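Please look through the following structure together with its sequence.

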Amino acid sequence: MKQYAVEKPGIRKSVEEILKEEKVYAPVKQENFANYSKIHSYEEIIWGPPQTVIPPKKYFLPASENILAFRKRDGEFEVEPLNATEEIVLFGVHPCDLNAIYLIDQIFAEKNRDVNYLSKRERAVLIGVDCLVPCAPEAVCLRMDGLNPRDRFDLFLTDIGDLYFAEAASQKGEEFLRGRGKPALESDVRKLSAVRIRRDELFDREEKQLLPDYPDLPGLMKKNYVHAVWEEHGAKCYGCGSCNMVCPTCYCFDVEDYMRADLESGVRKRFWDGCMLEDFARVASGENFREERSDRLRHRTNRKLNYLFDKWGQSFCTGCGRCIKACLTHIVSPLEIANEIFQKRVV
Ligand code: SF4
Ligand code: SF4
């Protein structure tokens, strides 16, 4: 990975130049919230808190989209995939969301490659921005291994006072700088390290504790599959699915075909689905494998802390805090559920 020190006005110039050529999306203010949106000027960008309500995964897996068109020709249906064709730049992505995008990239590239999703990812440039203060009281990114972005970006910027420290993990990341960065000096690296130590100490003080040893979360969840916590919390759940909708690592979707009235053509749509919704596990015969909300909460939590963690080697909760904020009954935090299970563990 290449490391550069960039004068602060240099980043502004890069954004302004890229705005003339490409679509740039960044966190912007929307009433009392922040959300990712297309920007037209550098001033619109929110650096740091608050966290956006909806994560940036919406640019790769939109809430609803047409994934292919079909048309009858000579008695047969022809299919046209509707894959992405335009380049975009996502600016200001927080470390937890960079990790989340990386994790769902693995899912969509596994076995049956999802060309629709991957075509959007390949055309996107991810410019991350370090979080130097927690973005919300609900955030638990340090505890859930979401604060370290590794090399899961094209370019990553950290404010080290007088300069930005820029880490470029790809050619696209370097091109964004347009030659404005100078190779980082030893003194810049020392400043970066001091900023990150202060950041970690602050997050450690502010974030809720995770009681069990982090690497053994899957083990804890497995051993306590049968536990009173599911009934207790499930009894308070509305089954609204808000926790799924705001989560950067939830990727489940449903697919429906829409035929036009002439019965000659139509589109296939996909749209977000969520395991906390009642119909999610209902099958054609009418059977529902997770009819009870307690079963759905157990399933969702196990997906984050056990099944996918086991498979991919990292928690699928990156600690962004969005579900905790969105849940009206305050029951859904994977970290707090893990703590409760640990305190009242069966084995
Ligand atoms: S489970 Fe909640 S805190 Fe964890 S990544 Fe998803 S929305 Fe964020
Ligand atoms: S856990 Fe909370 S946000 Fe999720 S479905 Fe239940 S009530 Fe809704």
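Against which elements do the buried residues of α3 pack? They pack against β4, β5 (76-81), α2 and β7 (124-129), where helices (H or I, at least four residues) and strands (E, at least two) are DSSP runs numbered from the N terminus. This is a predicted model, in which local features need pLDDT of at least 70 and side-chain atom pairs count only at pLDDT 80 or more, while totals for chains, interfaces and linings use all residues. Residues are numbered from 1 along each chain as its sequence is written, and chains are lettered from A and ligands numbered from 1 in the order in which they are written.

In helix α3 (residues 115-122), the buried residues are N116, Y117 and K120, a residue being buried if 20 or more other C-beta atoms, placed from the backbone, lie within 10 Å of its own. They cover an arc of only 100° around the axis, which puts them on the same side of α3; the arc is that of the directions from the helix axis to the C-beta atoms.

The chain is assigned domain 1 (2-206) and domain 2 (214-343), with bounds that come from an automatic or database domain assignment. Between them, 33 residues of domain 1 are in contact with 26 residues of domain 2, contact meaning that the C-beta atoms, placed from the backbone, lie within 7 Å. On the side of domain 1 that touches domain 2, β4 gives the most, with 9 residues.

The table sets out the make-up of two groups of residues, with Ala, Val, Leu, Ile, Met, Phe, Trp, Tyr, Cys and Pro counted as nonpolar, Asp, Glu, Lys and Arg as charged, and the others, Gly among them, as polar.

| Group | Residues by class |
|---|---|
| Side of domain 1 that touches domain 2 | 19 nonpolar, 6 polar, 8 charged residues |

Notes. Contact = placed C-beta atoms within 7 Å. Buried ≥ 20, exposed ≤ 12 C-beta atoms within 10 Å, placed from the backbone.
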